[in-house]
Amino acid sequence: MALDNVLDKIAAGARSVASSVADTAEDVVNKGKRQVETAKVKGDIRDAFASLGEAVYAAEKGTGVEGSKEELIAKIDELNLRLNEIENERAAEKEQKETERAERAAKKAEDAAAAPAAAEPAAAVCPKCGAARVGTLKFCGNCGSEFTD
């Protein structure tokens, strides 16, 4: 019976570790995707600013097309909005993960409090040879006598 409890605890621990690893892997993947998207949007913003600079220069020289500056400014504003959306999504996801972790920790504490406490063995030493009892063993590891509980 005690072995079943130990195996159940080991299995529960393994499930908990596997769940944590899966959550961490998912977090890493999502963070990587956000970083790639952020880098792309920032690159697009740099390109739009460069194009805007070229348009302003061409307009000053009298060779530019009217309206291209306004279009580029609108594009930069749109890209900046997308960058803000990405950052807000990241913050919301981070807050959600923290809430989930807190809920899991609370459940784990609740489960630990609800689990029956392991009964302490009555005899801490062997009645026959006086050897110390190890854990919840039923028999003495030194002489083999049965512990009386």
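Biologist: Which residues lie nearest the centre of the second largest pocket, and how many residues line it?

Modeller: Lys31, Arg34, Arg90, Glu93 and Lys94 lie nearest the centre, and the lining has 14 residues. The elements that each give two or more residues to this lining are α1 and α2. Keep in mind that this is a predicted model.

Biologist: Which element gives the largest share of that lining?

Modeller: Helix α2 does, with eight residues. The volume of the second largest pocket is about 320 Å³.

Biologist: How do the lining residues divide into nonpolar, polar and charged?

Modeller: The lining of the second largest pocket holds 10 charged residues, two polar and two nonpolar.

Biologist: Let us step back to the fold. How many helices and strands does the protein chain have?

Modeller: Two helices and zero strands. Helix α1 covers 2-61 and helix α2 covers 68-114. Look at contacts next. Of those with a separation of 6 or more, 41% are between residues 24 or more positions apart.

Biologist: What share of the chain is buried?

Modeller: Buried residues are 16% of the 149 in the protein chain.

Biologist: Which residues form the largest nonpolar core?

Modeller: Start with the general idea. In soluble globular proteins, nonpolar side chains tend to be buried together. Here the largest nonpolar core has 10 residues. They are Val41, Ile45, Ala48, Leu52, Ala55, Leu72, Ile76, Leu79, Leu83 and Ile86. Both α1 and α2 give two or more residues to this core.

Biologist: Take Ala55. What is it in contact with, leaving aside neighbours within four places in sequence?

Modeller: Ala55 is in contact with Ser68, Lys69 and Leu72. Leu72 is also a member of the largest nonpolar core.

Biologist: Now a charged residue. Is Lys97 buried or exposed?

Modeller: The test is relative accessible area, and buried means under 20%. Lys97 has 14% relative accessibility, so Lys97 counts as buried. Lys97 lies in helix α2. Beyond its neighbours within four places in sequence, Lys97 is in contact with Glu26 and Asp27.

Biologist: And Arg46, buried or exposed?

Modeller: The cut-off for exposed is over 50%. Arg46 has a relative accessible area of 56%, so Arg46 is exposed. Arg46 is found in helix α1.

Biologist: How far is the C-alpha atom of Arg46 from that of Ile76?

Modeller: The two C-alpha atoms are separated by 8.8 Å, while the residues are 30 apart along the chain. Ile76 is one of the residues of the largest nonpolar core.

Technical notes:
Residues numbered from 1 in each chain as written. Predicted model: local features only at pLDDT ≥ 70, side-chain atom pairs only at ≥ 80, totals over all residues. Heavy atoms only, no water. Core = buried A, V, L, I, M, F, W, Y, C linked by side-chain atoms within 4.5 Å. Buried < 20%, exposed > 50% of the residue type's maximum accessible area, 1.4 Å probe, protein only. Helix = DSSP H or I, 4+ residues; strand = E, 2+ residues; numbered from the N terminus. Contact = heavy atoms within 4.5 Å. 1 Å grid on protein atoms, 1.4 Å probe; cavity = no way out; pocket = protein on both sides within 12 Å on 5 of 7 lines; lining within 4 Å. Points joined across faces, edges and corners; volume = space filled by probe spheres on them. Nonpolar A, V, L, I, M, F, W, Y, C, P; charged D, E, K, R; others polar.
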